[in-house]
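Here is a friendly walk through one protein chain, told as questions and answers. Have the viewer open and follow along.

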Amino acid sequence: MFPASFAYVAARSVEEALELMVKHGEEGKLLAGGHSLIPAMKLRLQSPRTLIDLGTVPGLRGVRVDGDHLVIGALTVHTDVASSELVRKHLLGLADATSVIGDIQVRNRGTIGGSVAHADPAADLPVILTALNASFTVQSLSGSRSIAVDDFFTDFFTTAMNSDEILTEIHVPIPATGTGSAYAKLPHPASGYVVVSAGALIARQASGSCTAARVAIGGLGTGPLRAVATELELQGKPLTPQIIAAAAAKAAEETEPVEDSYAGVEYKCHVATVYARKAIEAAVERVKS
Ligand SMILES: Cc1cc2nc3c(=O)[nH]c(=O)nc-3n(C[C@H](O)[C@H](O)[C@H](O)COP(=O)(O)OP(=O)(O)OC[C@H]3O[C@@H](n4cnc5c(N)ncnc54)[C@H](O)[C@@H]3O)c2cc1C
């Protein structure tokens with residue numbers, strides 16, 4: 001299948017890309033790794049007249065420390081996130097999630113910013129970034145602003161970004177000592193995308209009790225969902241296998257998943273409890289005191 005014909009412009013700066021977006025309006029589309037946009041264009045689900053390439057903009061790649069946050073450039077490809085020493089030191093859950101995206105070709109081209117901006121409900125990164133309490137820096141010609149992850153994913157393939165904004169950075173708090181993170185996914189056997197997944201960030205004090213928990217579930221809604229009942233169930237309790245299992249059993253509470261061609265509602269809800277338990281257990285296992 002071939003896309004409709006389009007023009008291509010390589011942007012040389014964020015400002016130039018923003019000006020090009022204003023110039024082309026609804027007929028222009030940003031291009032990052034192209035691993036969601038180009039397939040959609042080939043299927044004629046999208047037919048932009050002009051692609052504005054961000055891949056040629058310097059300064060949008062890499063991982064750095066800024067105070068108590070890791071800052072990841074939006075154009076950083078999945079492989080580079082997964083292999084980053086800073087990510088592997090502080091955010092193993094993010095390394096887990098980027099390592100299981102698609103295949104090596106997808107991970108070598110697809111970008112963290114593209115995945116987040118695309119907001120596919122079957123994507124991996126929105127789920128772990130929700131558990132890790134990330135925030136997103138977006139820029140327009142009138143300035144930049146930060147959007148918290150809990151406000152970012154608003155619907156299927158829809159975010160809180162405006163059409164004149166570019167996602168430039170992902171900020172993730174560096175977890176304090178005594179905190180671990182992990183991600184667990186049941187992939188669709190054909191596509192590798194998420195059927196159901198879970199991300200967890202767990203803080204444990206020396207006594208063994210849970211002092212903070214953020215647990216996110218993918219595959220049960222229009223985007224990542226916080227498993228609030230699970231988080232509350234863990235809070236202040238000793239992180240024994242029984243308590244973790246009881247908390248994980250609440251992972252699908254207050255969700256309204258829809259059946260799809262692969263999985264029914266009952267199955268998805270059950271798998272959510274299993275993968276929430278796996279993610280929490282792995283996060284607890286990684287806590288270093
Ligand atoms: C075979 C295959 C298997 C895959 N498997 C998985 C999987 O298992 N899990 C998973 O999570 N993903 C999977 N993906 C998707 C992959 O992770 C893509 O990399 C990702 O969804 C999009 O990133 P991209 O850089 O390719 O973005 P693009 O395709 O270039 O862009 C996607 C959308 O985001 C917009 N956009 C891109 N960057 C920005 C930005 N900085 N600011 C604002 N808007 C922007 C674009 O305009 C476009 O609308 C798969 C893809 C393929 C082709």
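Q: In helix H1 (residues 14–24), which residues are buried, and where do they lie on the helix?
A: This is a predicted model, and in its helix H1 the buried residues are Val14, Ala17, Leu18 and Met21. Looking down the axis of H1, they fall within an arc of 100 degrees, so they line one face of the helix. In general, an α-helix has 3.6 residues a turn, so residues three or four places apart point the same way. The buried residues are therefore Val14, Ala17, Leu18 and Met21, on one face of H1.

Q: Which strands do the buried residues of H1 pack against?
A: A residue counts as in contact with another when their C-beta atoms lie within 7 Å. By that test, the buried residues of H1 pack against strand E2 (28–31), strand E3 (50–53), strand E6 (135–140) and strand E10 (166–173).

Q: Which residue just after H1 takes a positive phi?
A: Look at the position that follows the helix. The phi there is about 55 degrees, and the residue is glycine 25.

Q: Which residue in E3 stands opposite tyrosine 8?
A: E1 and E3 pair in the parallel sense over four bridges. Across this pairing, tyrosine 8 stands opposite leucine 51.

Q: Which residue in the turn between E4 and E5 has a positive phi?
A: Strand E4 (residues 63–66) and strand E5 (residues 69–73) pair in the antiparallel sense over four bridges, with valine 65 and leucine 70 as bridge partners. The two strands form a hairpin with two residues between them. In that turn, the residue with a positive phi of about 65 degrees is glycine 67.

Q: Which residue in E10 is the bridge partner of valine 71?
A: E5 also pairs with E10, in the antiparallel sense over five bridges. Within E10, the partner of valine 71 is histidine 171.

Q: Which residues is isoleucine 280 in contact with, leaving aside its neighbours within four places in sequence?
A: Isoleucine 280 is one of the residues that touch the most other members of the core. Its contacts are Ala200, Ile202, Val215, Ile244, Ala247 and Ala248.

Q: What is the radius of gyration of the protein chain, and what does the globule rule give for 289 residues?
A: The chain comes to twelve helices and 14 strands. Its radius of gyration is close to the value from the globule rule, so the chain is as compact as a globular protein of that length. The radius of gyration is 19 Å, and the rule gives 19 Å.

Methods. Residues numbered from 1 in each chain as written. Predicted model: local features only at pLDDT ≥ 70, side-chain atom pairs only at ≥ 80, totals over all residues. Rg over C-alpha atoms; globule rule 2.2 N^0.38 Å. Buried ≥ 20, exposed ≤ 12 C-beta atoms within 10 Å, placed from the backbone. Arc of directions from axis to C-beta. Contact = placed C-beta atoms within 7 Å. Pairing = 2+ DSSP bridges. Core = buried A, V, L, I, M, F, W, Y, C linked by C-beta atoms within 7 Å.
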